[in-house]
Amino acid sequence: MKVLMNMWPYFLLSHVGDYYANTEVSAMGNQFPDMQFVQVRSPAAIAAANVRALILHAAHKLRLLKRNLRILQPLFNLQCVSYLPGNYLRDIHPDVIFAHSHIPLTGHGSSTPLVAVEYFASERYMKMAGVLHCLPREIHAKRWATERAQVILTTTPASKARFDQYVPEARGRILQVPIYMPYLEPVTDDYIVQKAQEDEKLQVLFVGGAARRKGLPQVLEAFRMLEKPVKDRLKLKVVSNFQDGLVPGIEKVAEVLSNVGASYMTELMRKAHIFVFPTQFDTYGRVIVEAMAGGCAIISSNTDPQDWMLGYGRAGIAVDPASPEEIAEGLTLLAQDRNIRMNYALSAIRRFREVFYHRVVGLQYRNAFEAAIKAGAVR
């Protein structure tokens, strides 16, 4: 193991130009100075990634996503494909390939160990997205994408269980590791305690690009149900690009923002007292982790994987996402009881530090790289 720790694995990422990918590369390099990270510069890989990105962007602009993803499902399956010519790999000579949702086609002659990141959405998600009929195709795509990987990383415990169910031959190669979010630093406990003292006017924040799917209609209905003394103490702020259409009643919201940058989003999270995100169906929900790091008391869905992210109710209030009544009850509780609001925020920040903090997750990634190199050497 010491030999493996002293090796310098290379980090190959096919989807260049992505903000989070570039941030990951620099942050992992800072966290582990004895590792060298190199992004893919193959013209074939770059061309494939750019074509996919342009098609997806056009689909969003044309509102094809409103058609329940049926048109885009084949494209989403193809996203896992990237192209790395054999001579390119021979020139780079990496110790490990880290394929983040873009599995490289390298030919059967390649012996470079592979760490693949893949996710299995729940049947509930697929049903609500209108693509449950695509499940057999999805299983086939995931099996193909991961069959050559020494290690498969997936983001949630439920996704790992679905891999075990749908792709049993992958058992023993699957590790559950949260999404690596190196741009997030948690606020202090003292900051949360201080924020809890601000009791006169409470900022409630909703963030979701696809506002309808993320639960904004239910949030607005919940606000209409609030008793006047509670409603008068809450100021709702909405951040959305309304990718799936405008939401009736949005004109009555005090502040609506779009196209918010990463640094300003961090500021919004840190200023908010309550973060409400009753997403109707989602594969993850990065904004929940951002709200945890910002010291918010959180209201989110009691469905997979948001229930796991909230520690099954310990780090936030888990509600039925279809129930404005439950959302209103959660808002009322947090508005009326300062200690409950503060304790939920403190529980959220502790869960963030234990599970989602980039230093914790980064170490899990490194361990996965080393495990892949070791498994490749045994073959």
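**A guided look at a predicted model**

Guide: Welcome! In this predicted model, six strands form an open sheet with parallel pairing, in the order β9-β8-β7-β10-β11-β12.

Visitor: What makes β9 and β12 the edge strands?

Guide: Each of them, β9 (255-257) and β12 (317-319), pairs on one side only. Neighbouring strands of this sheet are turned by 20 degrees against each other on average, direction ignored.

Visitor: How do you know that β7 and β8 pair?

Guide: Two strands pair if there are at least two bridges between them. Six bridges join β7 (residues 202-207) to β8 (residues 234-239), so the two strands count as paired. They run parallel, and Gln-203 stands opposite Lys-235 in β8.

Visitor: Which strands does helix α16 lie across?

Guide: Helix α16 (residues 338-356) lies across β7, β10 (274-277), β11 (297-301) and β12, and runs at about 75 degrees to β11.

Visitor: Now to helix α5 (residues 86-92), where Tyr-88 is found. Why is Tyr-88 called buried?

Guide: Buried means under 20% relative accessible area. Tyr-88 has 14%, so Tyr-88 is buried. Its C-alpha atom is separated by 9.4 Å from that of Val-40, 48 residues apart along the chain.

Visitor: What classes of residue line the largest cavity?

Guide: Four are nonpolar, two polar and two charged.

Definitions and conventions: Residues numbered from 1 in each chain as written. Predicted model: local features only at pLDDT ≥ 70, side-chain atom pairs only at ≥ 80, totals over all residues. Heavy atoms only, no water. Helix = DSSP H or I, 4+ residues; strand = E, 2+ residues; numbered from the N terminus. Axes fitted to C-alpha atoms, helices over the stretch in contact; angles between N-to-C directions. Contact = heavy atoms within 4.5 Å. Buried < 20%, exposed > 50% of the residue type's maximum accessible area, 1.4 Å probe, protein only. Nonpolar A, V, L, I, M, F, W, Y, C, P; charged D, E, K, R; others polar.
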